[in-house]
There are 2 protein chains.
Amino acid sequence: MTGTTRGTQTYGAILTYLRREISAGSLEPGQSVPSESELCARFETSRGPVRQALGILRDEGLISSGRGRRSVVLETVPVQPFDVALSFTQWCREMGMEPGQRTESMTRAWATRAQADSLEIDPGDPIVELLRLRFADGVPIMLERLCYPYDVGRHVLSFDPDSGSVYERLIASGVDIHHATRILDAVAADEDDARLLGVQEGAPLMRLRRRAFTIEGRPIEWSDDRYLPSHARFASTTVRGASNGLSMLKGL
Amino acid sequence: MTGTTRGTQTYGAILTYLRREISAGSLEPGQSVPSESELCARFETSRGPVRQALGILRDEGLISSGRGRRSVVLETVPVQPFDVALSFTQWCREMGMEPGQRTESMTRAWATRAQADSLEIDPGDPIVELLRLRFADGVPIMLERLCYPYDVGRHVLSFDPDSGSVYERLIASGVDIHHATRILDAVAADEDDARLLGVQEGAPLMRLRRRAFTIEGRPIEWSDDRYLPSHARFASTTVRGASNGLSMLKGL
DNA sequence: GTTCGGAACTTGTATATACATCTATCGACA
DNA sequence: TGTCGATAGATGTATATACAAGTTCCGAAC
């Protein structure tokens, strides 16, 4: 360790440095990234942390490496790591837009068969449902349907969902979301979607369904977000040799 | 190195072993993955390769790790690495379906403004366009529009696109696709889409636009694939602490 | 029986080294 | 001038070690 790293890990400092160089344009697409040994010298460290940082950038699709050649910066879509999609508010701010929201309904209900399957509870068990319309700069962008088992959702019921992030509320209540699976597809707007999002019934919408889990693997959230395709799209970069989590599903 | 690894790298052998255990169900969701030291002993290797294999599984969303705890197998969507989406044929086979295709048109044309921008050539420059309908088990699933600059696409013109993979043809011709960017959104079926895919005009389709690049960063393919959402969906798993390449885009 | 503390274990991070394998470059030679 | 080959340098892979930091679990003290 060099001691010059700002309170965090060495590889994190290298990562931040390279990300800044790339996003600021000091390292343009097509240009070579400094070699591992140059980075070792600059950060007074060994190859381990340097390779760790480069590996992360490779998986994110920002650079490409290969035996014998120096790494090069790739021409990429502007990447906002998708984790922020866990929080619409945060994502919106990073896009330079002003987030807004209006809760259409928040109800205590009983799980339908589909909801019960998704949350791994029994049909008829109590749940908390939330329907929220999300805005960016005042324009409706997304309709969010959230569904929690009651013992999780009760932390939301006693909370004004227009006043802040549901996620932060859950975390503050000791609910620990550890990982999530997402499925993207396209659906036609139904009557509710059309009315609230201001499109015609049948208009194409992006649907992002999410299931969030605790570390023990218990599902604690199910959501169905419907985006206006004109305002939100999803992107991914693949580099040969790097892995990315996107996959394609068959059938229903 | 142990020497017992089957001709490849140590970390690859560990990766294969763990993947098989997970997909065969010997390691069920929620169960602990063998600890690093157990894997070191089993494969007679050091922590390096073991950690490399575990890191890949973590990025793929198959397992979750954390300081102090043992890694656990996650409940995930069945993952087919998305690289295979570069080849519809291959993806289809891995899904246990029989791929089919019918080329609707293959033309030498001149780049429109949008195509020129995407391929980084000038409007009016010669290009090769390909329109193909793709089947799985005889059912139309996807409509594929491909577009190449002429010097790349000419390798396709002299080739029966119904006889095999365009990708393999390009690679055999010395065209080296190195990385690709993809954008997913939803569109309404236009007249051509509706007729060929057998849906009503205006029906929601998943659109996957792709740009493929050489290692030098030159764009050599632009494609617009439109999937029936009933037959193809896209999925991704995020684990806290692991990076994945999916991101969300604003605006146009 | 309950609670607290500590030991043992696990993963995360870092160092130093070695060799394999591929690329780029430059100089010798024709 | 052009081609070929050697060489230096790059990343990929593997080993061995060390310490940091978090979790689990068991036993001692109360």
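**The surface near DNA strand C**

Tutor: The residues of the surface near DNA strand C divide into 3 nonpolar, 12 polar and 8 charged, where Ala, Val, Leu, Ile, Met, Phe, Trp, Tyr, Cys and Pro count as nonpolar, Asp, Glu, Lys and Arg as charged, and the others, Gly among them, as polar. This is a predicted model, in which local features need pLDDT of at least 70 and side-chain atom pairs count only at pLDDT 80 or more, while totals for chains, interfaces and linings use all residues. Residues are numbered from 1 along each chain as its sequence is written, and chains are lettered from A and ligands numbered from 1 in the order in which they are written.

In this surface, 23 residues surround DNA strand C, and the closest are Thr10(A), Thr45(A), Gly48(A), Gly68(A) and Glu36(B); a residue is near a strand if its C-beta atom, placed from the backbone, lies within 6 Å of it. Both chains contribute elements with at least two residues each: α1 (10-24) and α3 (47-59) from chain A, and α2 (36-43), β1 (63-66) and β2 (69-73) from chain B. Helices (H or I, at least four residues) and strands (E, at least two) are DSSP runs, numbered from the N terminus.

Around DNA strand D there are 21 residues, of which Glu36(A), Thr10(B), Thr45(B), Gly48(B) and Gly68(B) come nearest. The element giving the most is α3(B), with 3 residues, and the surface near DNA strand D holds 3 nonpolar, 12 polar and 6 charged residues.

The loop between α2 and α3 of chain B holds Glu44(B), whose phi is near 50°, a positive value in a residue other than glycine.

As for the setting, chain A has 8 helices and 10 strands, and 38% of its 252 residues are buried. Chain A is divided into domain 1 (10-73) and domain 2 (82-227), bounds that come from an automatic or database domain assignment, and the C-alpha centres of these two domains lie 37 Å apart.

The largest nonpolar core has 40 residues, and those touching the most other members are Leu205(A), Met206(A), Tyr227(A), Leu205(B), Met206(B) and Tyr227(B); such a core is a set of buried Ala, Val, Leu, Ile, Met, Phe, Trp, Tyr and Cys residues joined through C-beta atoms within 7 Å.

Regarding confidence, the mean pLDDT of chain A is 81, and 83% of its residues reach 70 or more, pLDDT being the predictor's confidence in each residue, from 0 to 100. Over residues 1-7 of chain A the pLDDT is below 50, and beyond near neighbours in sequence this stretch has 8 contacts in the model, a contact being two residues whose C-beta atoms, placed from the backbone, lie within 7 Å. The pLDDT is also below 50 over residues 79-85 of chain A, a stretch with 20 contacts in the model beyond near neighbours in sequence.

How values were computed
Buried ≥ 20, exposed ≤ 12 C-beta atoms within 10 Å, placed from the backbone.
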